[in-house]
Protein chains: 2
Amino acid sequence: MSDGEQELGITESKQHSPGEWYAEVVRKAELADYAPMSGFIVTRPRGYALWEAIQERLDGWFKETGVENAYFPVFIPESYLQREKEVVEGFDPEVAWVTQGGHNQLEERLAVRPTSESIIAPYLSKWVRSHRDLPLRVNQWCSVVRWEATETKPFFRTKEFLWQEGHTAHRDEADAWDETMTRLEQYERVYEDVLAIPVLRGRKPEHDKFPGADTTTTVEALMPDGKSVQGGTSHYLGQHFAEAFDITYVDEDEEERVAHTTSWGLSWRALGALIMTHSDDQGLVLPPTVAPEQVVVVPIWQEENRKEVLEYGEELTAALREAGLRVEFDDRDERNPGFKFNEHELNGVPLRVEIGPHEVEDGEATLVHRPDGEKAVEDRAGIAETVEEHLETIYAKLYAAAEETLEENVRSASDRAELLGTIGRFGGYVRTPWCGDEECETAIKEEIAAEIVMVPLERDGEPEEDDCAICGEVATETAYFAKSY
Amino acid sequence: MSDGEQELGITESKQHSPGEWYAEVVRKAELADYAPMSGFIVTRPRGYALWEAIQERLDGWFKETGVENAYFPVFIPESYLQREKEVVEGFDPEVAWVTQGGHNQLEERLAVRPTSESIIAPYLSKWVRSHRDLPLRVNQWCSVVRWEATETKPFFRTKEFLWQEGHTAHRDEADAWDETMTRLEQYERVYEDVLAIPVLRGRKPEHDKFPGADTTTTVEALMPDGKSVQGGTSHYLGQHFAEAFDITYVDEDEEERVAHTTSWGLSWRALGALIMTHSDDQGLVLPPTVAPEQVVVVPIWQEENRKEVLEYGEELTAALREAGLRVEFDDRDERNPGFKFNEHELNGVPLRVEIGPHEVEDGEATLVHRPDGEKAVEDRAGIAETVEEHLETIYAKLYAAAEETLEENVRSASDRAELLGTIGRFGGYVRTPWCGDEECETAIKEEIAAEIVMVPLERDGEPEEDDCAICGEVATETAYFAKSY
């Protein structure tokens, strides 16, 4: 916070100007800055640490479930993208093109990777020979570039973003579908167990699938402004890519068979959802799971008790650190406690421990929860365990608040007027019977900019009880309409 | 190893055709494949795991010593590179240029980052206000692209390579120099304590410094073919970049001062050095520190004792895993022990544990060291501890062999003929008094393609005892000549 005191503190309102508020939190909590090129950001250490926290967990789960990391080139030759375009209907990404290398014009343009199916699939084809090579699972943590001309919103909409992309090949549909669901469940777990955000699991409607996918599954998170965020997607690609890129294997019976493939990705949009969901008009709010500092100990002294208070605070800090907690001891001389409180609130430290002469005298510590300011005076004895319990409570509070928002904001509508009215008035998700035709979505989109963000995962193919809320034909799906990021 | 048995095994000789041998080891041990674009590679899981092993350690040491990770854009506007070019003599990197975004021509070309000083320095300038903000240390793990048209050699010479780049700002020279040395020492530690490769520490001669640096320090590793590899560099940049990019701070006395900066990087060339140093005509050799599998347990059974042998092997494997070792239990039915031995040797598994009916009967296990085939029969009791000792021995053997090569290959020469003759005959490093003039290096380079890879770190400025071996003028430095990668 070197910009001086006047810059400290959030001036925008989450409720009244959510866009400006979000941008201000990102900047003032030092998560990211805008880059010189429009559409790009610089991820600062406090922001990157959050990405590392997600990465560490997800990467661990991937490895426990048979995934290996690899690294494929940042560039994809145009002919490779072209090949994908020819076989995959609807694939026409807007990309950044490298046309010059050094002082020379390149013979073939190179795309900066927008996603890597077209360069990974040929290698899966090369590496897979026998059924013994399957399942084959590779993942890479990297950045991708998509040249979409929209307003920049750090972590939500940027031309370059960080993500992981997993690509796998399997013997049959059952195995590939299991894989698809395993990754979707891990994404759900990231949101629910790490980011304190409940999500809905579903699949994208046919017309909104990943190009070439048989099924695109998604976890959707509801933001406080009533819009849905696509939190991560896991695609069962069927045999479409395997046929196009010749990913075949010799089975146990010596027959050559075409593999089934999947791909799945989660991007730093998860950070956007994290920041947006929990933070408030005092600044960033973080669950203790990912907070770079989980606890800040702030000593409050007068000249006459300075030494005792500082010593007490230091010992307490040491005890917390010994228990494996990430703790900052803020003994800066040049700042008063009020300034420190504000700064740590802005930065989203989940728990503040205040230590004054009273606490020293009584062998206690005052604990203050970041999300709601709840205070508790606790015994110094057993403080590490007590703090751990409070951190768990803080996580539970954040989750419960987000869950309540979600539960209150899934509504139903049975006709067009009710659908439009409900989205217009409340936002959130509106469930409605749907015939499956994209035109019915378009009709709603044009009127209120809401779309079908998902349909339930299980598809029984049976007609619904009610007719399509939009056109009145036989409904075959339950559509979840929402405005989205 | 799905390419079939005939493809298994190295056919080239490390001694007689080191280039072809290296390429074959990389490909057959499944470390990397060539990408469709010349100069690029695909890093396969077995190769990437080695990079992760380096990353995990180095990243841990960085964080313990005050470094935070961040992420800066993959693109740098031409005007930013231009600015650096104007202030930094000799900076004119060959880069890949993005000129089109989507269907539009860009107004300004964007370079794919060749290194990030020019985009990071302006942010250091923005983030540093007061002496309290210093030292400021950021690091990023990313890939960079340099459009150099040379023959591709996986991990040694590729147009895109993975690395980390650290960038720091400090109050004064002493602090910045400490930083420079801290990172150099961490690089030395990666080589010596993780990769089992002894290195020499030094600095680059004036004419070969990083453009804009005050001092470029380096760790140099000697390869078995007598060439030196620049293993990592740490630059003290003085105030050159800080002045150019306005990285200033208000000091305690309220005066505004110019910061001192450093940058330092280690790339996947470390993997190249690792593979090249220890591997042999049977394939990859890895130290246990980085080997994805440290131990492979191979059961050898006949039909009549199959059950006992497999059970014994499984239990032994479990015991090793419980001790935290990375162990593969190779109980494949379809491969015979000889095939398995060859395959694991090719893949560089440091220790093989053979389990046959004799071992079961006697409560023993036969341990075979990958580097030299040394065998030991050990008691089953306490096997985890015994295996750990053997792994340490294997590390020590690898280090000792590399150290012997290094020690035998630092020679001295006092005149031009001796210098040329020694390099020509033995390779390795040749120490010689040097006047400091680049022309003397050029003279040698033109005749034998050797250059000054380093001079000793400590510069006393005093004249040497002897005259320059090349021109006969007063020598001020001791030059280490070598051919290099």
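Here are some notes on a few parts of this predicted model.

1. Housekeeping: residues count from 1 along each chain as its sequence is written, and chains are lettered from A in the order in which they are written. Since this is a predicted model, local features need pLDDT of at least 70 and side-chain atom pairs count only at pLDDT 80 or more, while totals for chains, interfaces and linings use all residues.

2. Chain A is split into domain 1 (7-278), domain 2 (295-396) and domain 3 (410-482), with bounds from an automatic or database domain assignment. The C-alpha centres of domains 2 and 3 of chain A sit 50 Å apart.

3. Look at α1(A), residues 18-28: Trp21(A), Tyr22(A), Val25(A) and Val26(A) are buried (20 or more other C-beta atoms within 10 Å of the residue's own, C-beta atoms being placed from the backbone). They span an arc of only 130° around the axis, so they are on the same side of α1(A); the arc is taken from the directions from the helix axis to the C-beta atoms. Their cover includes β1 (32-34) and α7 (269-278) of chain A. After the helix comes Glu30(A), with a positive phi near 60°.

4. Phe481(A) touches Leu419(A), Ile423(A) and Val430(A), among others, not counting residues up to four places away in sequence; contact is C-beta atoms, placed from the backbone, within 7 Å.

5. β19(A), residues 375-379, is hardly covered, with 0 buried among its 5 residues. β18(A), residues 364-369, pairs with β19(A) in the antiparallel sense over 5 bridges (pairing needs at least two DSSP bridges). Glu364(A) is opposite Asp379(A), and in the hairpin Gly373(A) has a positive phi near 75°.

Note on methods
A residue is buried if 20 or more other C-beta atoms lie within 10 Å of its own, exposed if 12 or fewer, and partly exposed in between; C-beta atoms are placed from the backbone. Helices (H or I, at least four residues) and strands (E, at least two) are DSSP runs, numbered from the N terminus. Two residues are in contact if their C-beta atoms, placed from the backbone, lie within 7 Å.
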